[in-house]
Amino acid sequence: MIKLIRGGCYYMSGTLVKENQAFKTSAEREQARKGTMAYAVLKKHNRGDEENLKLKFDAIASHDITYVGIIQTAKASGLQEFPLPYVLTNCHNSLCAVGGTINEDDHVFGLSAARKYGADFVPPHIAVIHQYMREVEAKCGRMILGSDSHTRYGALGTLAVGEGGPELVKQILNKTYDVKRPEVVAVYLRGNLKKGVGPQDVAIALCGAVFKNGFVKNKILEFIGPGIKNLSMDYRNGIDVMTTETACLSSIWETDEKTHEYYKIHGREKDFKEMHPADPAYYDCGISINLSAIEPMIALPFHPSNAFPIRELIAHPKEILEEAEAAGRKLRGDDKFSLTDKITPEGIRVDQGVIAGCAGGMYENIAEAYEILKGKSTGCGEFSLSVYPSSQPVYKALVENGYIGGLMDAGAVIKTAFCGPCFGAGDVPANNGLSIRHTTRNFESREGSKPAQGQLASVALMDARSIAATAANGGILTPATEVTYTKKVKKYFFDAEIYKNRVYHGAGKAKREEQLKYGPNIADWPEMIPMGRHLLMRAASVIHDPVTTTDELIPSGETSSYRSNPMKLAEFALSRKDPAYVGKAKTIKADEDVRRETGALPEHVLKDLAGIVPAEGTIYGSFVAAVKPGDGSAREQAASCQRVLGGVANIAQEYATKRYRSNLINWGMLPLLGDKLRLKVGDYIYIENIAQLIEEGAQKIPARLISHGTVKEIELHMDALTPDEKKIILSGCLINFNAGKR
């Protein structure tokens with residue numbers, strides 16, 4: 001089904017060939033390395049050298065959880081107007097269900113910013129961010145940067161990257177996105193999907209094959225091969241958006257007549273061009289996928305890579321569910337979580353189905369779901385099915401072609417374009433409920449439950465077709481390959497009038513004289529102090545889980561309404577993973593405030609240091625230690641919440657994603673590495689001459705660990721920083737750096 005090729009390979013005459021079988025010289029290899037589509041797009045946008053890329057993007061995009069903070073940061077750094085196309089969408093906090101007026105206040109602020117600085121503004125319920133960007137902004141050969149981790153438009157020939165907000169601020173301020181040249185992975189597709197197998201099945205199988213082994217981490221996936229022509233554009237887009245869950249940096253696909261037709265349907269034929277790798281093209285490694293062998297898949301809690309064929313799960317429910325159940329109980333630290341209770345004489349019973357967002361809410365997914373449910377019923381029991389078309393144009397086409405009415409007849413509830421089911425702000429299941437979803441993620445508590453209040457539900461990811469088959473079977477888990485239905489769907493027509501009449505098109509039309517409109521919850525960033533000559537820091541949280549997601553660092557769902565208020569949001573930091581963290585971080589920050597006011601650390605801190613006397617110029621802050629933090633979302637608040645609470649560093653064995661490490665740096669925190677340190681909450685680490693070490697680009701950081709009255713010499717590490725990254729950390733954060741503070 002999926003084969004990994006470890007080591008270099010060539011794409012030659014339509015075939016993927018291992019490097020040791022291609023008989024190419026090193027000079028030929030280096031020339032062929034420049035033959036990838038990724039190389040050509042990166043070269044066009046690069047302002048740096050061949051290995052140290054400094055990229056300028058063609059457009060940027062944010063949604064209503066992130067754009068307020070980005071605009072506030074850029075404004076504090078001297079923003080006058082947006083120098084490149086910027087799209088502000090409203091698909092995360094669009095329900096306005098939490099916090100009174102504050103969600104809509106953010107939307108009013110967003111529109112005022114779009115008018116003042118020159119941006120496009122997509123009102124609530126009109127489109128989810130990535131569907132709008134596909135329909136309007138993607139172009140062959142373009143690069144787009146988005147403040148959402150699922151910024152992926154590779155199937156449309158656009159190299160797109162999801163990052164934290166500060167990286168968008170850099171683009172707004174005419175700076176560059178700096179990254180070492182990423183490796184490029186050939187994803188060779190062949191064969192044809194069986195009826196009943198959809199894009200999410202391919203995506204789950206791919207995540208299962210490459211996430212846990214880090215095979216494509218921070219690399220670019222380049223989709224090539226004869227199997228592409230057998231996939232519709234909705235299928236390609238559906239696979240592509242899920243590549244984020246492999247931990248890759250970005251993606252790009254070969255384009256063809258189907259791509260051309262997509263652009264033509266959307267009135268943008270001029271934005272199409274054929275894109276193919278050279279012959280030969282060299283790749284750093286490869287993945288071969290036989291589409292004909294893909295079968296309906298399920299990603300069990302609590303990660304998209306926890307992948308199983310549905311057939312296998314149905315055949316061995318107890319063994320497989322017990323394994324996932326044990327993982328859930330370990331995460332929770334108790335025995336209250338259950339999955340095996342879903343096993344019944346009829347089969348595995350699920351409680352809820354959802355088809356939504358940038359992955360599930362596309363036209364063909366919903367149309368095929370209708371064909372499977374046609375003439376059937378979702379039942380009048382506990383099982384429910386919700387469907388969210390990804391944009392109003394998609395919704396309108398589904399209505400006009402009869403699909404929406406048919407789904408409603410079957411018992412499905414149809415809702416507007418909204419990302420809530422992807423991050424816990426919509427369709428939260430009942431306690432201990434199991435929801436099957438064609439959405440992007442299924443991390444612990446991401447569906448909206450609150451473990452601290454004794455709640456825990458879970459999500460399994462599936463394709464819309466098998467969700468519909470399960471709905472037609474009254475909530476008993478059923479793969480779509482076991483049902484009879486008509487796969488052929490009616491032709492899709494895009495209605496541009498919807499966007500013409502409702503979207504504010506202000507890109508390049510700044511009205512500087514206009515004023516921003518602030519709601520009472522929108523607050524400026526607090527002061528961030530610069531790095532000192534020396535650093536004393538104390539562990540406020542130590543996390544031993546193999547992976548710590550950004551959802552665990554700062555929860556999604558109920559916190560989203562507070563992301564325009566840094567201090568209020570910080571109260572939720574690590575609340576689901578380590579509820580004591582905020583109090584401990586605040587105590588450390590209060591002691592640093594005393595030092596700044598009086599010139600000396602409080603006596604109780606000095607007593608803990610086992611005779612070490614911090615040198616003059618020492619600052620004091622907190623740090624978080626974790627094995628592998630930052631998996632998942634691009635949300636910068638995972639780092640900024642630590643920073644506003646006085647955080648100065650993270651210490652990890654490795655960082656799950658480049659974007660989380662970038663967020664730490666942009667908020668003035670050290671992305672330190674350390675292994676086998678056996679750190680405990682309350683431990684101190686003292687680093688002399690940290691400012692000098694940063695300036696010199698030191699990758700080995702000598703330090704002293706003070707733990708319960710004992711002192712131990714240790715060595716921390718830090719991967720290379722760019723010149724600007726050094727200055728940002730020394731300045732205290734990106735805002736200070738742009739304002740010239742040190």
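This report covers the nonpolar cores, selected helices, salt bridges and backbone geometry of a predicted model.

## Nonpolar cores

The largest nonpolar core contains 166 residues. The members that touch the most others are Tyr86, Leu189, Phe223, Ile287, Ile298, Leu300 and Leu385. Helix α13, residues 363-373, gives this core its largest share, seven residues. Another core lies apart from it and has 39 residues, among them Trp525, Ile543, Ile554 and Ala573. In soluble globular proteins, nonpolar side chains tend to be buried together.

Leucine 385 illustrates how such a residue is surrounded. Not counting residues up to four places away in sequence, leucine 385 touches Gly353, Val354, Ile355, Leu373, Thr378, Gly411, Ala412, Val413, Ile467 and Ala471.

## Helix α13

Alanine 367 is a residue of helix α13. Its relative accessible area is 0%, so alanine 367 counts as buried. Leaving aside neighbours within four places in sequence, alanine 367 is in contact with Leu398, Tyr403 and Val489. The C-alpha atom of alanine 367 is separated by 10.0 Å from that of alanine 397, and the two residues are 30 residues apart along the chain.

Glutamate 368 also lies in helix α13. The side chain of glutamate 368 meets that of lysine 487 in a salt bridge, with an N to O distance of 3.2 Å. Lysine 487 is in the loop between α17 (464-472) and α18 (497-502), and the pair links distant parts of the chain, 119 residues apart. Glutamate 368 is buried because its relative accessible area is 2%, while lysine 487, at 33%, counts as partly exposed.

## Other salt bridges

The whole structure holds 39 salt bridges. One of them pairs glutamate 19 with arginine 29, at 3.4 Å from N to O. Glutamate 19 is partly exposed at 26% relative accessibility, and arginine 29 is partly exposed with a relative accessible area of 26%. A network of salt bridges links Glu19, Arg29, Glu30, Arg33 and Asp284.

A further salt bridge joins lysine 396 and aspartate 495, whose closest N and O atoms are 2.3 Å apart. Lysine 396 belongs to helix α14 (residues 392-400), and aspartate 495 sits in the loop between α17 and α18. This pair links distant parts of the chain, 99 residues apart. With a relative accessible area of 31%, lysine 396 is partly exposed.

## Helix α26

Helix α26 spans residues 723-731, and its buried residues are Glu725, Lys726, Ile728, Ile729, Leu730 and Ser731. These residues pack against several elements: α6 (165-172), α24 (658-666), β31 (670-673), α25 (690-696) and α27 (734-738). Just after α26 comes glycine 732, with a positive phi of about 110°.

## Cis peptide bonds

The peptide bond from aspartate 279 to proline 280 is cis, and its omega is near 10°. Proline 280 is found in the loop between α9 (257-265) and β14 (281-283).

A cis peptide bond also joins proline 301 and phenylalanine 302, with omega at about 15°. Phenylalanine 302 is placed in the loop between β16 (297-299) and β17 (307-309).

Histidine 125 is not a glycine but has a positive phi of about 75°. The loop between β7 (120-122) and α5 (129-137) contains histidine 125. The relative accessibility of histidine 125 is 27%, so this residue counts as partly exposed.

Asparagine 689 is a residue other than glycine with a positive phi, near 60°. Asparagine 689 is located in the loop between β32 (684-687) and α25. With a relative accessible area of 34%, asparagine 689 is partly exposed.

Conventions: Residues numbered from 1 in each chain as written. Predicted model: local features only at pLDDT ≥ 70, side-chain atom pairs only at ≥ 80, totals over all residues. Heavy atoms only, no water. Buried < 20%, exposed > 50% of the residue type's maximum accessible area, 1.4 Å probe, protein only. Helix = DSSP H or I, 4+ residues; strand = E, 2+ residues; numbered from the N terminus. Contact = heavy atoms within 4.5 Å. Core = buried A, V, L, I, M, F, W, Y, C linked by side-chain atoms within 4.5 Å. Salt bridge = Lys/Arg side-chain N within 4 Å of Asp/Glu carboxyl O.
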